[in-house]
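Please look over the structure below.

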Amino acid sequence: MILSFDLDDTLIPSTKLFRTEKQNILQRILGVEKIRYGTHRLINQLRADGHHIYIYTSSLRSSIAIRFIFWTYGIPIDKVINKQRHDKAMGSYPFSCSKYPPAFEIDIHIDDSPGLLVEAKNYDFCVSIIDPQELDWGNLVVKSVKEKTRRDEKL
Ligand SMILES: [Mg+2]
């Protein structure tokens, strides 16, 4: 499966605060952004299970900068979709959407924004909304992957 994660307030604290992964000296010196506690374990587990991990963000950070953040934590990212890439892809659709995972063959998108649920319903894609305060968020992601696998098998 291809899974994508939003950045701000999903994996990176932005307007909301949540516990973050420990940073090493180099990350502190370079001012690398903090990422949510449990990200390393979750993403590497999902990758070990054969899933592909994308970052799908409406932010203007460059693809290289985003890959670099995760690389310093020992987390490889398969693909990065930033605002620029999203806008370019949406040019070929007759509607606009804040995020449209099917344009990138993404099976489940993980995000903090409940507004995406409406778009997911209207445009038929799968999102898993994770509250920034949720401590057991990694297990919720794993659960939604399992549920989607089960649903797909029934089709
Ligand atoms: Mg967000």
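## Helices, metal site and cysteines

Helix α2 (residues 39-48) buries Thr39, Leu42, Ile43 and Leu46. These residues cover an arc of only 90° around the axis, which puts them on the same side of α2. The arc is that of the directions from the helix axis to the C-beta atoms. Buried means under 20% relative accessible area, exposed over 50%, and partly exposed in between (1.4 Å probe, protein chains only). Helices (H or I, at least four residues) and strands (E, at least two) are DSSP runs, numbered from the N terminus.

This is a predicted model: local features need pLDDT of at least 70, side-chain atom pairs count only at pLDDT 80 or more, and totals for chains, interfaces and linings use all residues. Residues are numbered from 1 along each chain as its sequence is written, and side-chain values use heavy atoms, with hydrogens and water left out.

The cover over the buried residues of α2 includes β1, β2, α3 (63-72) and α6 (137-154). Contact here means heavy atoms within 4.5 Å. The face turned away from the buried side carries exposed Arg41 and Ala48. Just after α2, glycine 50 takes a positive phi of about 95°.

Helix α4 (residues 83-90) buries His86, Ala89 and Met90. Seen down the axis of α4, the buried residues fall within an arc of 95°, so they line one face of the helix. They pack against β2 (52-56) and β3 (79-81). Gln84 and Lys88 are exposed on the other side of α4.

Next, the metal. Asp6 (OD), Asp8 (O) and Asp112 (OD) are the protein donors of the magnesium ion, lying 2.2 Å from it. Aspartate 8 lies in the loop between β1 (2-5) and α1 (25-30), and aspartate 112 in the loop between β4 (108-111) and α5 (116-122), so the pair ties together parts that are 104 residues apart in sequence. Donors are N, O and S atoms within 2.8 Å of the metal (3.2 Å for Na, K and Ca); water is not among the atoms, so sites may look incomplete. The donor spacing in sequence is D-x1-D-x103-D.

What about the cysteines? A search of the whole structure finds zero disulfides. Cysteine 97 is in none, and the nearest cysteine sulfur, that of cysteine 126, is 14 Å away. A disulfide is a pair of cysteine sulfur atoms within 2.5 Å.

| Residue | Relative accessible area | Class |
|---|---|---|
| Aspartate 8 | 25% | partly exposed |
| Aspartate 112 | 16% | buried |
| Cysteine 97 | 7% | buried |
| Cysteine 126 | 17% | buried |
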